[in-house]
Amino acid sequence: MKLIIAIVKPFKLEEIKDALAAIHVEGMTVTEVKGFGRQKGHTEVYRGSEYTVDFLPKVKLEIVVPDDTVAKTVDAILKVAKTGKIGDGKIFIVSLEDAIRIRTDERGDAAV
Amino acid sequence: MNKFFEKMRDPRQRRVFYAIFGGKMLGLALCFALIFGVSAYLSSRAQAQTPAPATAPATAPAATPAAAPAAPTITAPTAAATATGNTTAAAAAAPAAAPATPPNPPYVNPINTMWVLVTAFLVFFMQAGFMFLEAGFARERETVNVLLEGIVDTCLCGILFYAWGFAWMFGHGNGYIGWGDGAGHTWYCLQNLPDTYESTGVATLAFFLFQFAFADTCSTITSGAMLGRTGFWGDLWYSIGVSGFLYPIFGHWAWGPDGWLNAIPFWKAAPFHDFAGSTVVHTIGGMIALAGAIVLGPRLGRKFKRDGGGPMPYHNMTIASVGAVILWFGWYGFNPGSTLSAMDTAGIARVAANTTLAACSGGLAALLFVYPRFKKWDCGATVNGLLAGLVAITCPCYWVSPLGAILLGAVAGVIVILATDLLEYLRIDDPCGAWPVHGACGIWGTLSLGLFATGEFGAPTPTGADNSAGAVVKGLFYGGGTDQLVAQFIGNAAIGIGVFAVAMVLMYAVKATGTLRVSKQIEEEGLDLHEHGGTAYPDTKTSSH
């Protein structure tokens with residue numbers, strides 16, 4: 001069981017959701033986040049002057065999948081989220097000890 | 001300096017220098033030409049203006065203008081007589097002889113002028129309502145774009161309406177376009193204006209301000225259907241087309257002093273009536289909006305109902321609904337102000353009451369009509385429903401009874417929902433519902449006069465109401481036959497179809513310049529960041545200052 005954390009461009013969210021639904025990954029947690037990597041910040045304009053915004057808006061997806069679907073899930077995200085330009089985001093994969101569905105007390109893969 | 005001469009030895013550098021220098025000189029010459037040319041033009045006009053008010057009696061001798069420049073220097077009584085100029089030359093020669101009859105045009109009527117000014121301010125405030133409504137219905141990432149469009153449309157429209165819009169729309173000319181007073185003086189740049197507009201008793205500039213506010217709403221309506229994907233240059237170009245050309249010219253057909261719809265030549269010379277602009281403002285605005293939405297195409301990622309999608313979500317219902325109520329408030333200037341007369345008190349009261357009732361029934365009808373679909377009380381639909389009622393009552397508000405207003409408003413509330421469904425079916429993306437509200441209900445409102453006019457009311461005059469038998473308007477439901485209905489249909493169809501055709505050409509022309517729609521990347525990341533360099537709701541916690 002793995003936790004996949006994908007940080008992507010906000011407008012890619014809808015496409016990623018559809019791509020994941022197509023491979024039957026149907027459950028995720030989405031957060032609007034700010035941050036920077038190589039892309040750094042950017043400048044904005046206000047009353048005739050420029051100012052720097054260090055953190056860019058991104059969307060963070062957290063998806064838990066059984067071990068055997070990790071590769072498929074990552075491929076699906078990569079395929080859709082890639083624009084080839086700096087700022088496309090990152091994917092982190094974390095091992096997960098356990099998962100529990102609160103309603104039924106199910107554990108492990110069954111709870112995902 | 002040495003560096004400069006060194007550079008000049010290189011022939012290529014020299015050519016560049018000559019080109020830049022020549023360009024600068026050309027620009028400078030152009031500036032001087034403008035400064036002197038325009039001031040010479042204006043001063044010559046101003047001199048001609050003093051002695052010859054536009055509707056001066058035909059007896060005013062042609063020689064008077066030539067004498068005018070001398071007027072300020074001659075003795076006081078004579079100067080006064082010349083300045084009042086709309087009396088005859090005889091009065092100028094014998095200052096003691098006061099004019100026995102009131103001069104023509106009539107005196108500026110203070111209360112009518114004040115009424116028109118107050119309502120002009122109210123109509124102007126509708127701009128705030130439009131900005132709220134459109135910003136609320138837009139997505140967060142294009143909010144600044146929507147707000148700036150509202151502001152820039154206003155600024156642009158004011159200048160264009162000053163330069164030629166007012167002359168084209170409200171000047172005398174022919175049935176299709178106006179330009180001046182009909183006696184050889186043009187009204188461009190508000191020159192040569194009479195003291196009062198026609199026989200209204202309203203100071204001409206007050207009337208200008210009132211009509212500018214109307215023109216402004218027309219161009220803002222258009223932007224509602226085009227938001228989220230229109231580049232700002234494209235917005236500027238089509239706004240110039242709308243406020244500078246489409247609105248004044250097509251508006252003249254119905255509202256110009258000699259517009260051809262005042263007496264439709266091929267339909268019993270019957271007059272087309274549009275009290276406050278269901279056709280002139282709303283159908284024109286709505287039709288241009290439709291043309292814009294068609295030429296632009298839907299926003300990226302917009303899926304339509306029959307493709308398994310639905311409208312893109314709004315981002316702030318609070319400001320959208322408050323915007324609609326501000327518009328409702330502004331409508332108390334839009335409709336009651338169109339009497340152009342504060343003396344027609346019964347008329348104003350009736351218009352204001354009808355306006356209110358149509359909005360009420362429009363809102364309720366839309367609310368109840370949509371409820372069965374999802375068993376939800378839909379705020380967005382109700383907002384558009386009340387606006388639909390207001391748009392529909394705009395044309396017939398003076399001539400219908402309160403009951404008529406309620407009925408036609410309710411029909412508008414249903415029409416706006418059906419029209420929205422129609423656009424969805426046709427895969428046309430209209431983010432705010434500009435065409436369903438202003439186009440479809442503008443058409444309905446114009447036609448409804450031919451159905452609901454009671455036959456009791458005629459026209460407002462500067463001193464009261466003219467409800468004489470010759471002036472009254474009677475609709476089909478009150479035994480007036482179909483004459484008025486057909487006249488309404490002809491007027492609305494002529495303006496609606498005409499403006500739609502020209503607007504399609506305009507939009508395709510702007511599209512050909514490549515400025516109408518932004519690139520895919522800009523649209524995905526948001527117009528605010530790319531076109532305006534910042535968002536409406538910047539996150540102050542994570543910016544460095």
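Met1(A) sits in the segment before strand 1 of chain A. The model is a predicted one. Met1(A) is partly exposed, because 16 other C-beta atoms lie within 10 Å, a count between the limits of 12 for exposed and 20 for buried.

**Surroundings of Met1(A)**
- Apart from neighbours within four places in sequence, Met1(A) is in contact with Val64(A), Pro66(A), Asp67(A), Leu96(A), Ala99(A), Gly108(A), Asp109(A) and Val112(A).
- Between Met1(A) and Lys79(A) there are 78 residues in sequence and 22 Å in space, taken C-alpha to C-alpha.

**The sheet of chain A**
- Four strands of chain A form an open sheet in the order 2-5-1-6, with antiparallel pairing.
- Strand 2 and strand 6 (89-95) are its edge strands, each pairing on one side only.
- On average, and with direction ignored, neighbouring strands of the sheet are turned by 20° against each other.
- Strand 1 (residues 2-8) and strand 5 (residues 56-65) run antiparallel and are joined by 7 bridges; the bridge partner of Ile7(A) in strand 5 is Lys60(A).
- Strand 1 is also joined to strand 6 of chain A by 7 bridges, again antiparallel, and here Leu3(A) has Val94(A) as its bridge partner.
- Strand 2 (residues 29-35) is antiparallel to strand 5 of chain A, with 7 bridges between them; Gly35(A) has Leu56(A) as its bridge partner in strand 5.
- In a regular strand, side chains alternate between the two faces of the sheet.
- Helix 2 (residues 70-81) of chain A lies across strand 1, strand 5 and strand 6, running at about 5° to strand 1.

**Contact between chains A and B**
- The contact involves 11 residues of chain A and 10 residues of chain B.
- On the chain A side, strand 3 (42-46) and strand 4 (49-53) each supply at least two residues.
- The residues of chain A on this side comprise 6 nonpolar, 1 polar and 4 charged.

**Helix 8 of chain B**
- Helix 8 (residues 204-226) of chain B has 23 residues, which at 1.5 Å a residue should span 33 Å; the end C-alpha atoms are 34 Å apart, so the two values agree.
- Of the 23 residues of helix 8 of chain B, 21 are buried, so the helix is largely enclosed by the rest of the structure.
- Gly228(B) follows helix 8 of chain B and has a positive phi, near 90°.

Technical notes: Residues are numbered from 1 along each chain as its sequence is written. Chains are lettered from A and ligands numbered from 1 in the order in which they are written. This is a predicted model: local features need pLDDT of at least 70, side-chain atom pairs count only at pLDDT 80 or more; totals for chains, interfaces and linings use all residues. Two residues are in contact if their C-beta atoms, placed from the backbone, lie within 7 Å. Ala, Val, Leu, Ile, Met, Phe, Trp, Tyr, Cys and Pro count as nonpolar, Asp, Glu, Lys and Arg as charged, and the others, Gly among them, as polar. Two strands pair if DSSP finds at least two bridges between them. The expected span of a helix is 1.5 Å times one less than its number of residues. Axes are lines fitted to C-alpha atoms, for helices over the stretch in contact, and angles run from 0 to 180 degrees between N-to-C directions.
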